[in-house]
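Thanks for coming, everyone. Please have a look at the sequence and the fold on the screen, and then we'll walk through a few spots together.

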Amino acid sequence: MLLHTVNKSPFEKNALESCLNLSKAGSGVFLLEDGVYAAMKGTVWADKVTTALSDKKVYVLTPDLAARGMNTDNVIDGIEMVDYAGFVDLVAEYSATQAWL
């Protein structure tokens, strides 16, 4: 399965929407840089990300949350928080990586 990376804010670009619509069940979706905004509870994206969790794994890079002053307590339940070493492990775990720009 693929690991899909999304580094653009879903409030500015459609990369996350395209990723969620086109990625297959069993895939991983990794939110980093401004993509971490999609991991927050209480946004217009929260329901879409929660729905994606039913058949995909969703990850968020914690250093990017911290860099944007975001509290990890506000991350949507079910999203796995990982650090840089965890990101490397995920890239090795999945068969390939697809970046959504």
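Is Tyr-94 buried or exposed? Tyr-94 is buried, because its relative accessible area is 8%, and buried means under 20%. Keep in mind that this is a predicted model.

Now, aromatic rings. A pair of them is described by the distance of the centres and the angle of the planes. This structure holds two such pairs. Take Phe-30 and Phe-87. They are stacked, with 4.3 Å centre to centre and 10° between the planes. Phe-30 sits in strand S2 and Phe-87 in helix H4, 57 residues apart. Phe-30 counts as buried, at 0% relative accessibility.

Next, Tyr-59 and Tyr-94. This pair is edge-to-face: 6.5 Å centre to centre, 80° between the planes. Tyr-59 belongs to strand S3, and Tyr-94 to the loop between H4 and S5, so the pair ties together parts that are 35 residues apart in sequence. Tyr-59 is buried too, at 2% relative accessibility.

On to helix H1, residues 15-22. Ala-15, Leu-16, Cys-19 and Leu-20 are its buried residues here. They cover an arc of only 125° around the axis, so they lie on the same side of H1. What covers them? The cover includes strands S1, S2 and S5, and helix H2. Turn to the face away from that buried side, and you find Asn-21 and Leu-22, both exposed.

One more ring. Lys-48 lies over the face of Trp-45, at 4.6 Å from the ring centre.

Last stop: Ala-92, in helix H4. Ala-92 is exposed, with a relative accessible area of 66%. Its C-alpha is 9.7 Å from that of Leu-3, 89 residues apart along the chain.

Technical notes. Residues numbered from 1 in each chain as written. Predicted model: local features only at pLDDT ≥ 70, side-chain atom pairs only at ≥ 80, totals over all residues. Heavy atoms only, no water. Helix = DSSP H or I, 4+ residues; strand = E, 2+ residues; numbered from the N terminus. Buried < 20%, exposed > 50% of the residue type's maximum accessible area, 1.4 Å probe, protein only. Arc of directions from axis to C-beta. Contact = heavy atoms within 4.5 Å. Phe/Tyr/Trp six-rings, centres within 6.5 Å; stacked < 30°, edge-to-face > 60°. Lys NZ or Arg CZ within 6 Å of the ring centre and 35° of its normal.
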